[in-house]
Amino acid sequence: MSFPYNIEFVEDKLNEKLLKDFHGERTGFVQVGEKRWFFPSRFKQYAECLYSFEARPDDIWVATFPRSGTTWTQEMVWLICNGLNFAAAESVPLTQRFPFLEFNLFVHDELKACFLKENEDDEEKARFIEQISQPATAMLSEMQSTRFIKTHLPISLLPPSVFQQNAKLIYVARNPSDVAVSYYHLNRLYRTQGYVGNFETFYDYFEKDLTPWSPYWSHIKEGWAVKDRPNVLFMYYEDMKRNLPDTIRKTATFLGKTLTDEQIETMCTHLDIRNFRNNKSVTCEELKNVGILNSGEQGFVRNGQVRGNAEEMTEQIKQRLSEWTERNLRDTEIKFPEC
């Protein structure tokens, strides 16, 4: 299936500035289609492969803009569908149980060579680096059903087969204030992103739709637009935080499962942020072990706050974000809940 959208490199001067701030990318960044979806250069190479991926009717997808409760939702969904098998969940990394469709877009060939050089004395680690630098589509195609698939792709860039096959799709939205702060720390943590600037500069990129998977608002609006389809469950992260038991019940119902109150209570304990951030199955230890995560940065699972008073948020940025949000939510029914 041919990819239906135009892909263009950002203009040279901007690309030069971006490459100075994001060291994970080495070639440059592209923008896709009329909405100017923002990606590293490898998107151009793999766009058709991703778009042509064949979904199955019993697939379960979790789609979000980055840092919107993705990992939390994945673990919840996997446990619901696998009989609350906590032993398996703790022994097999979430990245294996719930592959990330487009992660390879961020493993630039030059960066991959660095990772391989750093791990040249360990064949197992080298194989792992080779695996994550390839599209997850091949691995997923060989997996038996039910497949669990993570993506940050917006609805319009998902494989059309997701909707043609009526695969289950759970979309989670989170307010932009918390996303911006969490996404900043993620971009500093991952060498595949390699962000080296401060938060103020990062927020400027974020608001101008110059961070991967942006534009943020287009992403959220596309998720909202499909919320009434029978194969889609749209959720707010803030509702998950406010009432996790209700979220688990709602998700289980959507997935055709029934849980007892006791099972829900056990799941809530497992998913409690105080336990979750110490669960090595979900904190990307396998990426840390091959040097993909920077040391000295905040962890992959952070504090899960809702509109916390993040120290990164100056009064000026808070004002900008408030005005940006107001402009983009005008004439929509999207309303992020208070927690």
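What percentage of the 339 residues of the protein chain count as buried? The share is 58%, where buried means under 20% relative accessible area with a 1.4 Å probe, protein chains only.

This is a predicted model, in which local features need pLDDT of at least 70 and side-chain atom pairs count only at pLDDT 80 or more, while totals for chains, interfaces and linings use all residues. Residues are numbered from 1 along each chain as its sequence is written, and side-chain values use heavy atoms, leaving out hydrogens and water.

**The whole chain**

You can count 18 helices and seven strands here; these are DSSP runs, with helices (H or I) of at least four residues and strands (E) of at least two. The C-alpha trace spans about 55 × 50 × 45 Å along its principal axes. Contact means heavy atoms within 4.5 Å, and residues 24 or more positions apart make up 76% of the contacts with a separation of 6 or more.

**A pair of helices**

| Helix | Residues | Residues in the contact |
|---|---|---|
| H11 | 199–207 | Phe199, Glu200, Tyr203, Asp204, Phe206, Glu207 |
| H18 | 315–329 | Gln316, Ile317, Arg320, Leu321, Trp324, Arg327 |

Their axes, which are lines fitted to C-alpha atoms over the stretch in contact, come within 12 Å and cross at roughly 10 degrees. H11 and H18 are therefore roughly parallel to each other, a label for angles under 35 degrees.

How values were computed. Axes are lines fitted to C-alpha atoms, for helices over the stretch in contact, and angles run from 0 to 180 degrees between N-to-C directions. Angles under 35 degrees count as roughly parallel, over 145 as roughly antiparallel, 65 to 115 as roughly perpendicular and the rest as oblique. Buried means under 20% relative accessible area, exposed over 50%, partly exposed in between (1.4 Å probe, protein chains only).
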